Amino acid sequence: MTVYIPGLTETDLKKVILSLQQLGAGRSNAVGTVTLVPSVASTTVSDQNCASGSTVLFTPTTGSAATEIGNGTMYLSAVANKSFTVTHANNATADRTFKYAILG
């Protein structure tokens, strides 16, 4: 779920409070979904909220994604400003889908 982000010049206190309440409730704009690209060994994800020092956490949403993690064939191989790369098994499985959260 996304968070309302007030502008730097926002003067409506209710909008600022709403944003703080959403953050306190655990909402974040630094989340997404990724499906690993079949028949290649890595997948690059573009995300505006990613920075070179970020940590990316994955949650599998399909059986094939859970198997990928269980096999130990997937890892976060690069993190940069506005993107990260996941190295994974090079196979034809097309439904290795994960939700992710970016911290930092």
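Thr33 stands opposite Lys99 in strand 6. This is a predicted model, in which local features need pLDDT of at least 70, side-chain atom pairs count only at pLDDT 80 or more, and totals for chains, interfaces and linings use all residues. Residues are numbered from 1 along each chain as its sequence is written, and side-chain values use heavy atoms, with hydrogens and water left out.

Start with the strands. Strand 1 pairs with strand 6 (residues 97-103) in the antiparallel sense, over five bridges. Pairing requires at least two DSSP bridges between two strands. Strands (E, at least two residues) and helices (H or I, at least four) are DSSP runs, numbered from the N terminus.

Three strands form an open, antiparallel sheet in the order 1-6-3. Strand 1 (31-35) and strand 3 (55-60) are the edges; each has a single partner strand, so one side of each lacks a neighbour in the sheet. From one strand to the next, the twist averages 30°. Angles run from 0 to 180 degrees between N-to-C directions, with axes fitted to C-alpha atoms, for helices over the stretch in contact.

Helix 2 (residues 63-70) packs on this sheet and touches strand 3 and strand 6. Contact means heavy atoms within 4.5 Å. The direction of helix 2 makes about 60° with that of strand 6.

Next, the charged side chains. A salt bridge puts a side-chain nitrogen of Lys or Arg within 4 Å of a carboxyl oxygen of Asp or Glu. The count comes to one. Glu68 and Arg96 form it, at 2.9 Å from N to O. The pair links distant parts of the chain, 28 residues apart: Glu68 lies in helix 2, Arg96 in the loop between strand 5 (83-87) and strand 6.
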